[in-house]
Amino acid sequence: MELFLHQVLAGLATGGIYACMALAVVMIYQAIDHLNFAQGEMAMFSTFIAWQLIQWGFPYWVAFVLTIGISFIAGVLIERIVLRPLHGQHVLAHVVAFIALLSIFNSTAGFIWDWTIKSFASPFGSGQLFGQNLISPHDAGMMGVTIVMLVLLYLFFRHTRVGLSMRAAAANPESAQLAGIRVGWMTALGWGMAAAIGSVAGMLIAPVVFLEPNMMLSILLYGFAGAVVGGLTSPGGAVLGGFAVGVIENLAGTYIPVVGREMKLSIALCIIVAVLCVKPSGLFGRPVVTRV
Amino acid sequence: MSKVLEARELCAFYGPTQVLFGLGLEVDDGGITTLLGANGAGKTTTLRSLSGMCRTSGEVRFDGKAIGGRATEDIVRLGIAHVPQGRGTFSRQTVEENLQIGAMTRSGRAAIASDIERVYGYFPRLKERRTQQAGTLSGGEQQMLAVGRAMMLRPRLMLLDEPSFGLAPLIVEELFGILRTLNQTEKVSMLLVEQNAALALDLADHAYLIETGRLVMEGPAQQLRDDENIRKAYLGY
């Protein structure tokens with residue numbers, strides 16, 4: 001029983017990270033109808049920036065906040081410079097741009113910070129939390145930060161005018177324009193926020209998976225799985241999906257002997273395929289109906 | 001009478017295809033002008049051209065200011081509210097959120113809140129459904145919401161694209177009654193596109209007739225109503 005509880009809690013902790021990635025993916029998907037493959041590499045690059053800031057002597061939380069700000073601005077700039085000119089272009093143009101971004105960030109990180117694995121300190125310390133072994137301090141901190149961020153995002157989208165504008169722009173760009181909303185800037189804002197969310201995910205998971213240019217590859221896959229489970233059209237669903245994938249991954253790794261640690265990643269892909277077969281729009285997604 | 005909207009030599013294009021050919025039309029300040037025509041004549045395109053949603057040439061003046069070629073958002077911000085065909089409500093957002101979206105270009109929380117109440121005053125049914133998702137409303141209620149959202153902009157001019165489309169006659173009557181009230185009490189000028197010519201000519205004071213992208217007739221609404229050819233072709237009696 002304690003093993004089970006332990007695994008569920010650990011799953012929720014990593015699931016929070018997947019939830020963040022899923023949310024970042026869904027935010028951009030809602031704005032431009034494409035999956036950003038480079039989301040993970042953007043988060044990885046942000047994490048390196050945080051690492052660099054800490055190396056330069058900034059306290060952890062200062063570096064944390066600075067990194068979020070830098071990532072936000074970078075996300076806005078990427079949208080303005082790379083994606084804006086592609087607006088209305090064919091899906092393949094977007095795919096190529098995402099692949100380009102992915103490899104640019106990956107190689108640049110390797111070039112600047114080299115490919116060796118670095119450790120990334122946890123701000124929550126190690127050892128025991130309240131003298132028990134159920135959940136480690138880092139897992140608890142990871143869960144706490146994720147939940148705070150998700151609540152803040154929820155409040156932002158529900159209760160602020162900018163949040164409502166962003167929802168309107170994503171739901172119906174043409175009508176939003178007719179209400180005077182600057183849809184292009186809302187998309188850029190969405191990219192900035194997705195990059196910022198990704199940077200938080202990267203910084204929180206780095207102490208677990210260690211820092212190196214390919215660290216986010218599997219995380220993004222789990223994020224995609226979470227987004228597909230919840231539905232690409234439903235931010236709330238994507239978050240729940242991310243948590244679900246985290247728990248499923250951990251429990252399967254523990255209780256299904258053949259899965260073990262090595263096969264865990266394929267769980268994400270199995271989940272994606274299974275959900276797409278049974279409920280293509282995800283558990284909370286809305287089927288897209290197109291008039292022909 | 002001064003003109004709130006003037007278009008000269010307005011042409012519109014979809015890709016390489018030209019669909020409007022040198023339209024000239026005006027809307028009186030405080031008046032209601034209607035643009036009549038058959039399916040595919042270019043009515044919707046005319047409205048889309050005026051609010052900068054397709055490629056155009058020619059001159060468009062709003063309140064004397066040239067607005068041709070400007071971005072849709074900027075034209076809207078000047079005070080032109082476009083109620084598109086098919087209503088364009090935000091179906092997953094609530095009725096009240098839809099109204100708030102309509103006021104997104106404005107500041108002043110209190111003024112917006114009181115305008116929402118004013119819209120509810122015109123459309124009491126929307127008030128009953130304020131927390132409901134717009135997609136769950138009936139067609140008539142959605143059209144009312146679309147007009148209400150346009151009101152939230154405090155527009156000088158409203159562009160209405162077939163507001164009667166798909167609605168039951170009683171609902172249409174109610175809606176057009178409210179449009180008339182809005183015109184009179186809120187001093188909103190209107191450019192109304194309609195297939196239902198009898199209805200439109202009743203409401204409007206001036207009318208244009210468009211055929212395959214060209215204006216073929218214009219005059220006071222009364223005069224078009226009495227015109228024999230119009231009566232046969234568009235009014236059906």
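**View 1. Strands 1 and 2 of chain B, paired antiparallel.** In this predicted model, strand 1 (residues 3-14) of chain B and strand 2 (residues 17-28) of chain B run antiparallel, with eight bridges joining them. Pick out Lys3(B) and look across to strand 2 of chain B: the bridge partner there is Asp28(B).

**View 2. The turn of the chain B hairpin.** Zooming in on the turn, we see that strands 1 and 2 of chain B make a hairpin with two residues between them. Which residue in the turn has a positive phi? That's Gly15(B), at about 60 degrees.

**View 3. Where chain A meets chain B.** Chain A puts 15 residues into this contact, and chain B puts in 19 residues. On the chain A side, the elements giving two or more residues are helix 6 (161-171) and helix 7 (173-178). Helix 6 of chain A gives the most, with six residues.

**View 4. Inside the largest nonpolar core.** This core has 158 residues, and the ones with the most contacts inside it are Met21(A), Ala22(A), Leu23(A) and Val200(A). Helix 1 (residues 2-32) of chain A supplies the largest share of the core, 17 residues. As a rule, nonpolar side chains in soluble globular proteins tend to be buried together.

**View 5. Leu23(A) and its contacts.** Set aside the neighbours within four places in sequence, and what does Leu23(A) touch? The contacts of Leu23(A) are then Ile197(A), Pro235(A), Ala238(A) and Val239(A).

Note on methods: Residues are numbered from 1 along each chain as its sequence is written. Chains are lettered from A and ligands numbered from 1 in the order in which they are written. This is a predicted model: local features need pLDDT of at least 70, side-chain atom pairs count only at pLDDT 80 or more; totals for chains, interfaces and linings use all residues. Two residues are in contact if their C-beta atoms, placed from the backbone, lie within 7 Å. Helices (H or I, at least four residues) and strands (E, at least two) are DSSP runs, numbered from the N terminus. Two strands pair if DSSP finds at least two bridges between them. A nonpolar core is a set of buried Ala, Val, Leu, Ile, Met, Phe, Trp, Tyr and Cys residues joined through C-beta atoms within 7 Å. A residue is buried if 20 or more other C-beta atoms lie within 10 Å of its own, exposed if 12 or fewer, and partly exposed in between; C-beta atoms are placed from the backbone.
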